Protein chains: 2
Amino acid sequence: MVAIDFWYDFGSPNAYLAHRVIPELEARLGVAFAYRPALLGGLFKMTGNSSPVDAYRNVPHKLAYERLEFQRFIERYGISDFIMNPHFPINTLQMMRGAVAASELELAPAYVDAVFNGMWTRQRQMGDAEILAETLEEAGLPARQIFELSQAPHVKSRLLEETQKLYAKGAFGIPTFFVGDEIYFGKDKLRDVEESFLRQTRESSLSR
Amino acid sequence: MVAIDFWYDFGSPNAYLAHRVIPELEARLGVAFAYRPALLGGLFKMTGNSSPVDAYRNVPHKLAYERLEFQRFIERYGISDFIMNPHFPINTLQMMRGAVAASELELAPAYVDAVFNGMWTRQRQMGDAEILAETLEEAGLPARQIFELSQAPHVKSRLLEETQKLYAKGAFGIPTFFVGDEIYFGKDKLRDVEESFLRQTRESSLSR
């Protein structure tokens with residue numbers, strides 16, 4: 001089976017949009033995407049990259065086009081509930097450590113949904129530990145247990161190691177997808193991700 | 001009929017790749033793309049934008065990914081003859097003025113093919129007026145007539161006006177496509193160009 005990795009950080013609205021489209025891709029392709037948390041800020045430091053908003057601060061036409069493509073994506077996939085977060089940018093370190101902890105507790109899917117929704121449909125200041133805890137509890141998740149585990153040294157270092165792994169694979173931003181060993185950057189590459197999966201699946205069945 | 005404009009500069013290898021794919025799109029959609037010359041250097045000055053190679057000079061992972069996507073495009077569309085031009089970057093002002101002149105002489109398609117090929121399949125230093133003239137003659141084009149017309153004040157100012165028009169429409173780079181009033185940037189948006197044309201054509205037939 002060809003694996004598809006989805007590298008995300010809750011701070012990326014583009015990762016949120018990808019997250020919203022992934023279920024229909026999973027259903028169509030018959031494969032589960034592996035959700036891989038990594039720190040976008042750390043990846044930017046390692047690579048020298050920055051967000052489009054920073055990189056194109058002085059190119060208003062480019063930024064207007066990025067917003068247009070964002071809106072087009074929303075319309076293409078019928079995503080009706082996205083709202084820009086007024087607290088942006090938000091420090092995602094605690095949320096991301098929590099993702100590693102939730103994964104160890106086998107609660108990752110519910111955790112990822114709750115946190116992405118808090119960030120990009122509910123306009124919450126999710127960098128605030130109390131608001132994060134409240135959001136998790138509302139979703140029926142054991143906030144205290146997740147928080148405690150997220151402070152464990154092995155969880156903290158796991159998140160850094162994952163970020164370094166993503167860097168070592170050639171990435172420079174989020175969302176990044178890997179289909180087998182093939183890298184695709186950005187939500188706009190989801191069609192390429194799908195085609196690559198189908199092609200690699202075909203090739204691997206032929207070579208058996 | 002919904003119009004599709006293709007804004008190009010011979011200095012852009014991405015515009016060359018788009019140019020190679022346009023004929024199959026035209027055949028499939030039953031529409032001719034309108035080729036619109038504009039100065040990429042001028043557009044960069046107006047918008048504050050720069051080429052990816054400049055903007056991401058210090059982000060090697062990003063540049064490596066751009067090269068990968070370039071190669072993927074070439075493979076997707078079976079473009080076997082592209083060769084990077086060793087004289088790059090090349091000043092395209094004379095070539096672009098010539099495009100306006102060739103258009104007045106109703107020789108645009110042959111001129112565009114000859115110059116794009118000189119740039120991106122034949123490794124020629126096309127910024128050199130003699131090499132440009134030679135390339136046009138080899139293609140059976142009246143090099144002297146095109147060159148003389150390209151020096152006419154109205155041709156020179158036409159090229160600047162076109163570049164300003166492209167800027168005023170919100171563009172920031174090349175290749176840029178307009179499908180009716182809808183802007184699409186980059187060769188990777190050709191599938192979106194196609195979908196937009198089909199959608200707008202459907203909508204305009206319904207509203208009649």
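**View 1. A:Glu162 is buried, with a relative accessible area of 3%.**
The model is predicted. At 3%, A:Glu162 falls under the 20% limit for a buried residue. A:Glu162 lies in helix H9 of chain A, which spans residues 153-168. Which residues does A:Glu162 contact, leaving aside its neighbours within four places in sequence? They are A:Trp7, A:Arg36 and A:Pro37.

**View 2. Helices H5 and H9 of chain B cross at roughly 110 degrees.**
H5(B) covers residues 93-104, and H9(B) covers residues 153-168. Their axes come within 9 Å. H5(B) contributes B:Leu93, B:Met96, B:Arg97, B:Val100, B:Ala101 and B:Glu104 to the contact. From H9(B) come B:His154, B:Val155, B:Lys156, B:Arg158 and B:Leu159. Sorted by class, this contact holds 6 nonpolar, 1 polar and 4 charged residues.

**View 3. Four strands of chain B form an open sheet with mixed pairing.**
The strand order is E2-E1-E3-E4. Which strands stand at the edges? Strand E2 (34-37) and strand E4 (182-185) of chain B do, each with a single partner strand. One side of each therefore has no neighbour in the sheet. From one strand to the next, the twist averages 25 degrees.

**View 4. Strands E3 and E4 of chain B pair in the antiparallel sense.**
E3(B) spans residues 176-179. The pairing with E4(B) runs over 4 bridges. B:Phe177 stands opposite B:Tyr184 of E4(B).

**View 5. A rotation of 180 degrees superposes chain A on chain B.**
The shift along the rotation axis is 0.0 Å, and the RMSD is 0.0 Å. The two copies are thus related as by a two-fold rotation axis. Which C-alpha of chain A is nearest the axis? That of A:Ala55 is, 4.1 Å from the axis. Of the interface residues of chain A, 100% are also interface residues in chain B, so the copies meet through the same surface.

Methods. Residues numbered from 1 in each chain as written. Chains lettered and ligands numbered in written order. Predicted model: local features only at pLDDT ≥ 70, side-chain atom pairs only at ≥ 80, totals over all residues. Heavy atoms only, no water. Axes fitted to C-alpha atoms, helices over the stretch in contact; angles between N-to-C directions. Helix = DSSP H or I, 4+ residues; strand = E, 2+ residues; numbered from the N terminus. Contact = heavy atoms within 4.5 Å. Nonpolar A, V, L, I, M, F, W, Y, C, P; charged D, E, K, R; others polar. Pairing = 2+ DSSP bridges. Buried < 20%, exposed > 50% of the residue type's maximum accessible area, 1.4 Å probe, protein only. Least-squares fit on C-alpha atoms with pLDDT ≥ 70 in both.
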